[in-house]
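Work through the exercises below with the model open. Try each task before reading its solution.

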Amino acid sequence: MIEAVQLTRRYGSLPAVDSLSLQVAPGQLFCFLGPNGAGKTTTIKMLVGLLKPNSGHARVAGLDVWADPVRAKAALGYVPDAVSLYSELTGLEFLDLVADIYRVGASDRVARIGRLAGLFSLTAHLGQPMSSYSRGMRQKATIIAAMLHEPAALFLDEPTVGLDPRSARTLKDLLREACDRGAAVLMSTHILEVAETMADQVGIIHHGKLLFQGSVPELREYQHGPESSSLEDLFLQLTQGDQPAAEKPGPEVAPDA
Amino acid sequence: MRDFQIVLRVGLRIWWRRASVRRWKGLLGLLPALVLIGGLGVAMGVGAFHLFGFLEGALVGRPELLKALELNILALYALITAVMVLVNALGTVYATIYESEDNAFFLSTPLRAGAVLAARLAAVCFGNVVAIAPPATAPFVAYGLARGVSGGYYVAVLGGYVAYVLSVVGLAALVTTLAVRFVPGPRLKRGAMILMLLCLLSFIFALNFVMFSLDTQGGPLPLLQRLANVRIGSLEIFPHVWLARVAIGAGTAEMAWLPLGALVLLAGLLLGVLIALAPALYLGGWASSQEAARTSRGHLAWTRYRAARRGSAPVRSSLQALFGKEMKIALRSPMFWYLLGVAPVGIGFSIAQFSQRHAAQEISTGRTALLLGMVLVGSSLSSLMFAGTSLSREGHILPLWLCWPIQPRAAFLSKVLAGLPVPLILAAVGLGVVSRFLPQGSFAPLLAPAALVITAVVSAVVALDTITPNYKTTENLMSSENSFAKVMSAYLGLVGIALLMVIFSFPGYYHRLPLVSGLTPGQAVVCGWGALAAVCAGITYGSFRLGTRAIGRLLSEGDPGSGA
């Protein structure tokens with residue numbers, strides 16, 4: 001379970017995220033959508049314990065991320081938007097370090113690293129220093145590191161950037177698998193096709209406010225769109241103009257937000 | 001020319017903007033280096049002035065010997081300049097020519113590759129000419145002052161110096177540009193670091209060899225004769241002799257234009273060849289520098305790992321895992337090995353000279369503290385620079401690091417513990433070597449205070465870094481972005497060692513302190529060692545508390561600088 005309760009973060013007087021509340025149930029894949037600078041990354045950073053909110057609560061697996069950080073962090077995995085790794089370590093040494101930190105047992109780590117590296121075609125590069133990795137390879141290593149301990153909550157910030165089509169497909173399969181295992185997955189993306197085909201729920205954020213949370217059919221209903229309208233059409237309608245939708249006519253809070 | 005101006009203008013604008021943003025911090029970071037270089041220049045100038053004055057007085061009626069000695073001395077100074085420029089240029093040439101952030105942009109535009117390279121070279125040349133100027137030109141200025149020469153001398157020497165530095169930079173750039181074409185970037189950087197280390201070590205060895213082998217018996221005249229016979233100034237085909245000849249020629253109103261012309265020609269030739277070859281070498285070389293050195297060890301590593309981890313291998317604690325990571329990163333960093341090579345060798349020679357001087361006499365407490373201080377400085381310099389930037393260097397991976405479920409205690413201790421093995425081993429070896437050289441007995445008992453001091457100082461610099469981290473510090477410790485942190489860590493560590501040595505040498509000065517002057521020498525030794533142990537324990541514990549609290553705050557409150 002991932003839970004944000006009235007999360008607020010201001011930079012000076014500018015609210016980057018304003019009283020945002022959302023829930024992602026176990027087994028659910030939640031796609032976080034919004035224009036550039038809408039507050040997606042700030043929200044994720046507050047949920048994973050990177051950026052302290054000015055007010056509100058962030059909970060993961062029932063644990064408050066800011067009150068009980070070590071236990072909460074043990075239950076989550078995170079793929080940041082900008083990937084930077086230890087260039088002096090090999091991929092295998094990095095994954096071994098992560099497995100030690102999350103206390104993954106010897107046989108489990110061998111099985112998981114072997115399987116995930118194989119799926120992402122990274123096995124042949126595991127012995128090489130990460131300074132030699134391409135952007136896509138670094139992204140794959142980060143995704144494997146986030147999934148190595150089979151976390152109860154998984155946060156991914158634009159995870160498909162830099163991935164080749166096959167690896168993007170592998171990631172989608174793995175995320176679905178994690179949901180089937182009971183993990184709550186929150187992923188931010190600009191690729192609306194991914195959200196439309198994969199997400200159990202979508203959340204649309206604009207100017208730091210969550211405008212909608214629900215399934216794509218619910219969004220269609222909410223926007224009074226025809227059956228044929230795509231997520232792209234609905235997203236563009238909801239986030240049109242420079243002003244937050246909250247200041248425009250219409251309901252501010254989505255049905256199940 | 002237009003292309004060159006465009007690239008140069010952008011470079012200057014970026015430099016100026018960065019300098020104005022980091023005004024105070026930049027100045028503070030530069031201050032120790034400026035003081036060091038300025039102090040070195042003054043020391044070399046004053047020393048050279050007295051030396052030339054002494055030679056003139058001592059060799060009245062021996063003009064040939066005087067001239068030979070002056071040529072030798074000036075040629076030696078020129079050679080030292082070449083080593084300094086070469087060591088500096090090997091690092092800066094690669095960083096400026098191949099690692100500038102805007103290379104990809106400029107090389108993809110219609111600007112000529114030669115113009116981009118020339119603009120980069122101009123920056124490197126200017127940096128080297130200015131950075132080395134105080135210690136490199138001081139002996140030549142001192143020679144002019146000692147001989148009371150006209151203003152033309154200084155103009156000729158300045159021209160010769162600039163041309164000489166440009167020649168060395170040109171040579172370093174040409175070698176680098178050729179090497180980059182065939183060797184991937186990471187390997188080349190390691191190679192450059194090893195080359196720099198070898199240059200410095202060779203120079204330290206050669207200088208100490210000359211000093212050790214000079215027989216000072218028989219008065220100054222035979223010694224001066226022997227020095228004149230070293231013939232360092234007679235290697236006419238080398239540019240360091242040309243620079244010395246420019247000075248001697250201009251100083252004695254002889255022809256100086258020939259060696260000066262040769263220097264200018266050499267600099268122009270090297271830089272001209274480099275720019276002419278730029279389309280063929282630079283573009284391909286830059287692409288090669290971006291390539292990573294990949295090996296075919298991937299599958300093998302995985303197979304070995306799987307075999308090693310099969311069964312019930314125990315899970316390491318966070319502390320063990322983080323400690324292992326810190327050690328691996330340090331031991332794989334060329335900069336670590338560079339410092340590890342230079343500092344102990346430099347200090348080793350000082351200890352050897354100290355041993356030679358005090359072989360026959362009893363060593364006082366003060367001298368023992370000096371000896372221990374030298375061993376500690378030599379053994380811990382590299383670790384201090386690493387330990388003092390250990391949290392800052394996590395800046396690039398902070399989003400992941402802060403999400404890991406690690407205890408502040410494990411994070412802090414891993415960084416302190418990783419800073420200990422190398423200096424402890426080196427200190428033990430250093431004390432063993434001293435015991436071997438000096439007949440006064442074993443210095444092995446000094447290992448205990450050495451361990452205490454190293455632990456305290458390393459803990460303190462780690463704590464300081466955790467309290468005031470700079471997450472802009474890059475992972476590569478060689479980068480100029482890190483100079484402030486590096487210099488400050490080393491500086492604070494060295495000041496700490498010096499202060500602790502003052503406590504350690506308490507038995508040497510206690511009788512001057514009215515409050516404790518009644519102690520017996522034995523009691524004073526116990527007091528000195530006890531005070532050192534107590535202060536070191538206090539520093540270590542205080543650093544642990546402060547550092548753990550700072551990391552705890554970071555882990556529980558996030559990074560305040562982390563925006564959306």
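**Ground rules and chain B**

In chain B, of the contacts between residues at least 6 apart in sequence, 86% link residues at least 24 apart; two residues are in contact if their C-beta atoms, placed from the backbone, lie within 7 Å. This is a predicted model: local features need pLDDT of at least 70, side-chain atom pairs count only at pLDDT 80 or more, and totals for chains, interfaces and linings use all residues. Residues are numbered from 1 along each chain as its sequence is written, while chains are lettered from A and ligands numbered from 1 in the order in which they are written.

**Exercise 1.** Find how many helices and strands chain B has, and what share of chain B is buried.

Step 1. Chain B has 22 helices and zero strands. Helices (H or I, at least four residues) and strands (E, at least two) are DSSP runs, numbered from the N terminus.

Step 2. Of the 564 residues in chain B, 41% are buried. A residue is buried if 20 or more other C-beta atoms lie within 10 Å of its own, exposed if 12 or fewer, and partly exposed in between; C-beta atoms are placed from the backbone.

**Exercise 2.** Locate the kink in helix H15 of chain B, then explain why H15(B) is largely enclosed.

Step 1. Helix H15 of chain B covers residues 365-387. Its kink is about 50° and centres on Ser380(B). The bend at a residue is the angle between axes fitted to the seven residues ending there and the seven starting there.

Step 2. H15(B) has 23 residues and 18 of them are buried, so the rest of the structure largely encloses this helix.

**Exercise 3.** Describe the side of chain B that touches chain A.

Step 1. Count residues. The contact takes 46 from chain B and 46 from chain A.

Step 2. Find the helices. H12 (298-309), H13 (318-331), H16 (398-401) and H22 (521-557) of chain B each supply at least two residues. H12(B) gives the largest share, eight residues.

Step 3. Sort by class. This side of chain B has 21 nonpolar, 13 polar and 12 charged residues. Ala, Val, Leu, Ile, Met, Phe, Trp, Tyr, Cys and Pro count as nonpolar, Asp, Glu, Lys and Arg as charged, and the others, Gly among them, as polar.

**Exercise 4.** Is Lys73(A) buried or exposed, and what does Lys73(A) touch?

Step 1. Lys73(A) sits in helix H2 (residues 69-74) of chain A.

Step 2. Lys73(A) is buried, because 24 other C-beta atoms lie within 10 Å.

Step 3. Leave out residues up to four places away in sequence. Lys73(A) then touches Gly49(A), Cys403(B), Trp404(B) and Pro405(B).
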